[in-house]
Amino acid sequence: MFDVITFGSATQDIFLELPPKKWLVSDINHKKYFCLPLGDKVLVDEMQYFSGGGGTNVACALASLGFKVAFYGKVGNDASGKVIFEDLKKFGVNSRFCFKDKDLPTAISFVVSCGDDRTILVYKGACHFLFLRDIKLKKIKKTKWFYLAPFYEKTIELFPILINFAKEKNIQVAANPSIDQIEKNNQDFLSNLSKIDVLFLNKEEAAVLTKSPGVCVEDLGKMLQKICSGIIVITQGDKGVTVFDGEDVYRADTYKVAIEDKTGAGDSFAGGFMAGLLKENNIEYAIRLGIINSAKNISQKGAKNGFLNKAELKILPTIDIIKERTY
Ligand SMILES: Nc1ncnc2c1ncn2[C@@H]1O[C@H](COP(=O)(O)OP(=O)(O)OP(=O)(O)O)[C@@H](O)[C@H]1O
Ligand SMILES: [Mg+2]
């Protein structure tokens, strides 16, 4: 019996640190772009490799806290795939459902940092092409939870299938749909959200899903509660998190750290939050673990570094959480 089976991406993350120059940043339609000189050679100061991807990141975050976790997904039959298997093993994640695709390579994320910010270039690979034929439904009944990390490309088609299967088998579902899934925003996607027990979104995703740009997080939460009756978590980057459980709204600020690399902030928050729910079935404890896990994670480079472990749960800092009744 597993506590959680996670589904989603498994990538190799290659970090490229550009020299600390003042790169031209242009602002087009309220979005910032950093510009590289066309035709030039840009020397890169540092390059580091880690494994990444929402499905494996959350699996490893939960395993680090002692939960019994399996990752369901695909990698390529290549060196990057090997790195992913090694990390799953290191954290104690069961990899029996992590398959090697014969034809497709492992997906790669190139994380190009420029000062405090970064742009991620994703080379699509095996994890983005998980099909129904790859899912052995009979073998995944014995778990308390499914965690559906952001899905892309062909894997998107699995979202309703996994949710409906989980509901049939009394498995709870947490999901963090990708912007690709949200932008489709079709009736089918929305009707599936209504069956989810925990919905993780960042504020931008919540605004796209509700088609309400510029709306405050409280109002986004109210709109989302009409779509999903489960717990709704809206993360707001360095502004913390707001959580809605149908009765109360909870707000917490971030845990302040020196940031090394923001890759994996959302995944480590979700992993911590899920761990809190599994351990104490208490939203405030879940928020506390989410806030601290994500802060620790982004204080180190690599989406799987800095995760809380079991021993650290005994010396957890307190986090101020404001809880108010919603009517
Ligand atoms: N600057 C920061 N300092 C401390 N904690 C942070 C900071 N930025 C993010 N976090 C923590 O990480 C959580 C998730 O961050 P964010 O809302 O940026 O997720 P995201 O947009 O889903 O990230 P990702 O790019 O990983 O998908 C926040 O709610 C917060 O707890
Ligand atoms: Mg995210």
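The radius of gyration considered here is taken over C-alpha atoms, and the globule rule against which it is set is 2.2 Å times the number of residues to the power 0.38. For a chain of 327 residues, a compact globule would have a radius of gyration near 20 Å, and the chain, with 19 Å, agrees with that expectation. The model is a predicted one. The secondary structure comprises nine helices and 16 strands. Of the 327 residues, 53% count as buried. Among contacts with a separation of 6 or more, 70% are accounted for by residues 24 or more positions apart.

Helix packing was examined next. Two packed helices are described by the angle between their axes and the distance between the axes. Helix 1, formed by residues 54-64, and helix 8, formed by residues 265-280, have axes that come within 8 Å and cross at roughly 45°. An angle under 35 degrees would count as roughly parallel, and one of 65 to 115 as roughly perpendicular; helix 1 and helix 8 are therefore oblique to each other. The crossing in which helix 1 passes helix 8 is right-handed. On the side of helix 1, the contact is made by G54, N57, V58, A61 and L62, and on the side of helix 8 by D267, A270, G271, M274, A275 and L278. Sorted by class, the residues of this contact are seven nonpolar, three polar and one charged. An α-helix has 3.6 residues a turn, so residues three or four places apart point the same way.

Helix 1 is mostly covered, with eleven of its eleven residues buried. After helix 1 comes G66, which has a positive phi near 95°.

Helix 8 also packs against helix 9, which spans residues 283-298; the angle is about 145° and the axes are 7 Å apart. This crossing, too, is right-handed. Helix 8 contributes A265, S268, F269, G271, G272, F273, A275, G276, L277, K279 and E280 to the contact, while helix 9 contributes I283, Y285, A286, I287, L289, G290, I291, N293, S294, N297 and I298. The class composition of the contact between helix 8 and helix 9 is twelve nonpolar, eight polar and two charged residues.

Most residues other than glycine have a negative phi, and most peptide bonds are trans. N281, placed in the loop between helix 8 and helix 9, has a positive phi near 45° although it is not glycine. With a relative accessibility of 67%, N281 counts as exposed. K211 is another residue other than glycine with a positive phi, near 55°. K211 lies in the loop between helix 6 and helix 7, and its relative accessibility of 62% makes it exposed.

The loop between helix 6 (203-209) and helix 7 (217-227) also holds V215. V215 counts as partly exposed because its relative accessibility is 23%, the limit for a buried residue being under 20%. Apart from neighbours within four places in sequence, V215 is in contact with K203, L220 and M223. Its C-alpha atom is separated by 40 Å from that of D45, which is 170 residues away along the chain.

H128 occupies the loop between strand 9 (117-123) and strand 10 (143-148) and counts as buried, at 4% relative accessibility. Residues up to four places away in sequence being set aside, H128 touches S9, A107, V122, Y123, Y152, E153, K154 and T155. K32, by contrast, is exposed, with a relative accessible area of 62%, and belongs to strand 4, residues 31-34. Beyond its neighbours within four places in sequence, K32 is in contact with V25, S26 and D27. The C-alpha atoms of K32 and D45 are separated by 23 Å, and the two residues are 13 residues apart along the chain.

Conventions:
Residues numbered from 1 in each chain as written. Chains lettered and ligands numbered in written order. Predicted model: local features only at pLDDT ≥ 70, side-chain atom pairs only at ≥ 80, totals over all residues. Heavy atoms only, no water. Helix = DSSP H or I, 4+ residues; strand = E, 2+ residues; numbered from the N terminus. Buried < 20%, exposed > 50% of the residue type's maximum accessible area, 1.4 Å probe, protein only. Contact = heavy atoms within 4.5 Å. Axes fitted to C-alpha atoms, helices over the stretch in contact; angles between N-to-C directions. Parallel < 35°, antiparallel > 145°, perpendicular 65-115°, else oblique. Left-handed = near helix turned anticlockwise from the far one by under 90°. Nonpolar A, V, L, I, M, F, W, Y, C, P; charged D, E, K, R; others polar.
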